[in-house]
Amino acid sequence: MENLPQDQGFVLAANHTSNFDPWPLGLPLWPRRQLRFMAKSELFNPILAPILRAGGAFRVRRGEGDVEAMRTAVELVQSGEIVVMFPEGTRQKKGLLKRPHTGAARIALTSRAPLVPAAIAGADRLLRLGPLRVAYGEPLDLSEYDGVDHKRAAELATEQLMARIEELGAGL
């Protein structure tokens, strides 16, 4: 918890193994702060939409380069909110690593906000009653990417982010 910025918005980026992942990330911060996160637009049906919105979600059209969702995320971070991103974009299958998306780094770079890595363990084993563990890392120093082309900066920051998430996960 000591690694999380207290009085400003930031991007919190974590591994993604379960639909339950946002909850262990956010519970330690509740009720003082609520997480905001992108959820695929297909989930926003008449039954789930009110629940998702109450839980802090906003829609994203995956695979379309949703400019509006990115703009919403940047605005939320700039207004002091915590925006959660799962760079893998979808839940990870056991043993299968996906090429990460650069969205978390792009939002942090655009909003000039901290990018905080996190790792979650145990959310994929809820039925076996395994312990839930979360590690929040120190915000990454993105100042080294000042003056670097935005696309390249996001790629480099994402590589750094994913390495840090992996390190945090190994410690759980």
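# Briefing: salt bridges, pocket and local geometry

The count of salt bridges comes to seven, a salt bridge being a side-chain nitrogen of Lys or Arg within 4 Å of a carboxyl oxygen of Asp or Glu. The model is predicted: local features need pLDDT of at least 70, side-chain atom pairs count only at pLDDT 80 or more, and totals for chains, interfaces and linings use all residues. Residues are numbered from 1 along each chain as its sequence is written, and side-chain values use heavy atoms, with hydrogens and water left out. Helices (H or I, at least four residues) and strands (E, at least two) are DSSP runs numbered from the N terminus.

**Salt bridges**

- Side chains of opposite charge can pair when their charged atoms come close.
- Arg61 and Glu64 meet through their side chains in a salt bridge, at 3.1 Å from N to O. Arg61 is partly exposed at 38% relative accessible area, whereas Glu64 counts as exposed at 53%. For these classes, buried means under 20% relative accessible area, exposed means over 50%, and partly exposed lies in between (1.4 Å probe, protein chains only).
- Asp146 forms a salt bridge with Arg112, and the closest N and O atoms are 3.7 Å apart. Asp146 lies in the loop between S6 and H5 and Arg112 in the loop between H4 and strand S5 (115-121), so the pair ties together parts that are 34 residues apart in sequence. Asp146 is partly exposed, with a relative accessible area of 47%, and Arg112 counts as exposed at 65%.
- Glu155 forms a salt bridge with Arg152, with the closest N and O atoms 3.3 Å apart. The two residues, Glu155 and Arg152, are three residues apart in helix H5 and are therefore separated by about one helical turn. Glu155 is partly exposed at 27% relative accessible area, and Arg152 counts as partly exposed at 39%.
- Salt bridges that share partners join Arg61, Glu64 and Asp66 into one network.

**Largest pocket**

- The largest pocket has a volume of about 1,000 Å³. Of the 34 residues that line the largest pocket, the closest to its centre are Met38, Ala39, Lys40, Arg62 and Gly89.
- On a 1 Å grid over the protein atoms alone, a pocket is an open set of points where a 1.4 Å probe fits, with protein on both sides within 12 Å along at least five of seven lines; lining residues have an atom within 4 Å of a point. Grid points are joined across faces, edges and corners, and the volume is the space filled by probe spheres set on the points.
- At least two lining residues of the largest pocket come from each of helix H1 (22-26), strand S2 (35-40), helix H2 (48-54), strand S4 (82-85) and helix H4 (103-111). S2 gives the most to this lining, with four residues.
- The lining of the largest pocket divides into 16 nonpolar, ten polar and eight charged residues. Ala, Val, Leu, Ile, Met, Phe, Trp, Tyr, Cys and Pro count as nonpolar, Asp, Glu, Lys and Arg as charged, and the others, Gly among them, as polar.

**Nonpolar surface patch**

- Trp23, Leu27 and Trp30 make a nonpolar surface patch of about 400 Å². Patches are made of residues with over 30% relative accessible area and no salt bridge, with nonpolar side chains (Val, Leu, Ile, Met, Phe, Trp, Tyr) joined within 5 Å. Accessible areas come from the Shrake-Rupley method with a 1.4 Å probe, and for residues only the protein chains shown count as cover.
- Trp23 lies in helix H1 and is partly exposed, with a relative accessible area of 46%.

**Buried loop residues**

- Tyr145 lies in the loop between strand S6 (133-136) and helix H5 (150-170), and Tyr145 is buried at 9% relative accessible area.
- Glu88 lies in the loop between S4 and H4 and counts as buried at 4% relative accessibility.
- Tyr145 and Glu88 are 57 residues apart in sequence and 22 Å apart in space, C-alpha to C-alpha. Glu88 and Ile47 are 41 residues apart in sequence and 27 Å apart in space, again C-alpha to C-alpha.

**Backbone geometry**

- A cis peptide bond joins Trp30 and Pro31, with omega at about 5 degrees. Pro31 is placed in the loop between H1 and S2.
- Arg112 has a positive phi of about 55 degrees although it is not a glycine.

Notes. Patches are made of residues with over 30% relative accessible area and no salt bridge: like charges are joined within 9 Å, nonpolar side chains (Val, Leu, Ile, Met, Phe, Trp, Tyr) within 5 Å.
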